[in-house]
Amino acid sequence: MSADEVHYPFIPKSNRFLRPGQFWAIQLSNGKFAAGRVTAVPAFGPRDRTGIVIGLIDWSGDHPPTASDIAGRPILVQAKSRFEAITNNGSQVLGLRPLDLDGLVPMDPMDFRVGTHQQVWGWRTIVNKAEKAFVDNA
């Protein structure tokens with residue numbers, strides 16, 4: 001499979017086939033779903049094969065997200081992470097919706113200017129953030 005031949009859904013084994021705009025489902029404890037989105041690749045330098053920048057989308061629903069579900073929805077928060085934020089949480093990449101269609105601007109993972117703040121999340125953090133946003137505050 002080449003980068004141009006990505007077939008959805010798929011389970012990533014590295015960041016090789018991950019592209020900004022791809023999205024996945026985040027299963028919530030209340031039976032609903034949230035959505036994560038890849039915003040930049042790679043996250044930790046040009047030779048990085050595991051890192052991605054991910055964002056939690058302002059969306060929750062009764063079914064896994066589709067491209068039309070997340071259309072126009074903003075990113076609540078984004079951070080550097082690894083592809084395991086998708087796979088270790090039992091999900092797979094469901095599709096691609098280009099970020100520019102929704103006016104979304106990815107965090108620049110290579111911005112090391114003085115005063116720049118970048119978050120780095122473990123693989124479970126996006127689930128915890130989704131729970132807080134869509135279950136705890138519901």
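Biologist: Hi! Is aspartate 48 buried or exposed, and which side chain of opposite charge is nearest?

Modeller: Hi! In this predicted model, aspartate 48 is buried but has no salt bridge. The nearest side chain of opposite charge belongs to arginine 82, 6.6 Å away.

Biologist: Where does aspartate 48 lie?

Modeller: You'll find aspartate 48 in the loop between E2 and E3.

Biologist: And what does aspartate 48 touch?

Modeller: Leaving out residues up to four places away in sequence, aspartate 48 touches Asn15, Pro42 and Ala43. A polar atom of the aspartate 48 side chain also lies 3.2 Å from the backbone nitrogen of alanine 43.

Biologist: Back to arginine 82, then. What is its bridge partner?

Modeller: Arginine 82, in E4, is the bridge partner of glycine 51. E3 and E4 run antiparallel, joined by 7 bridges.

Biologist: How many bridges join E2 to E3?

Modeller: There are 6, and E2 and E3 run antiparallel. Glycine 36, for instance, stands opposite leucine 56 in E3.

Biologist: How many residues of E3 are buried?

Modeller: 9 of its 11, so to speak mostly covered.

Biologist: New topic: which residues touch the most other members in the largest nonpolar core?

Modeller: Ile26 and Ile126, out of 22 residues in that core. Strands E1, E2 and E3 and helices H2 and H3 each supply at least two of its residues, and H3 gives the largest share, 4 residues.

Biologist: What is isoleucine 26 in contact with?

Modeller: Beyond its neighbours within four places in sequence, its contacts include Phe33, Leu56, Ile126 and Ala130. Apart from this core lies another, of 10 residues, with Phe23 and Leu99 among them.

Notes: Residues numbered from 1 in each chain as written. Predicted model: local features only at pLDDT ≥ 70, side-chain atom pairs only at ≥ 80, totals over all residues. Heavy atoms only, no water. Core = buried A, V, L, I, M, F, W, Y, C linked by side-chain atoms within 4.5 Å. Buried < 20%, exposed > 50% of the residue type's maximum accessible area, 1.4 Å probe, protein only. Contact = heavy atoms within 4.5 Å. Lys, Arg positive; Asp, Glu negative; His and termini not counted. Salt bridge = Lys/Arg side-chain N within 4 Å of Asp/Glu carboxyl O. Polar contact = N/O pair within 3.5 Å; in protein donor to acceptor, adjacent residues only side chain to side chain. Pairing = 2+ DSSP bridges.
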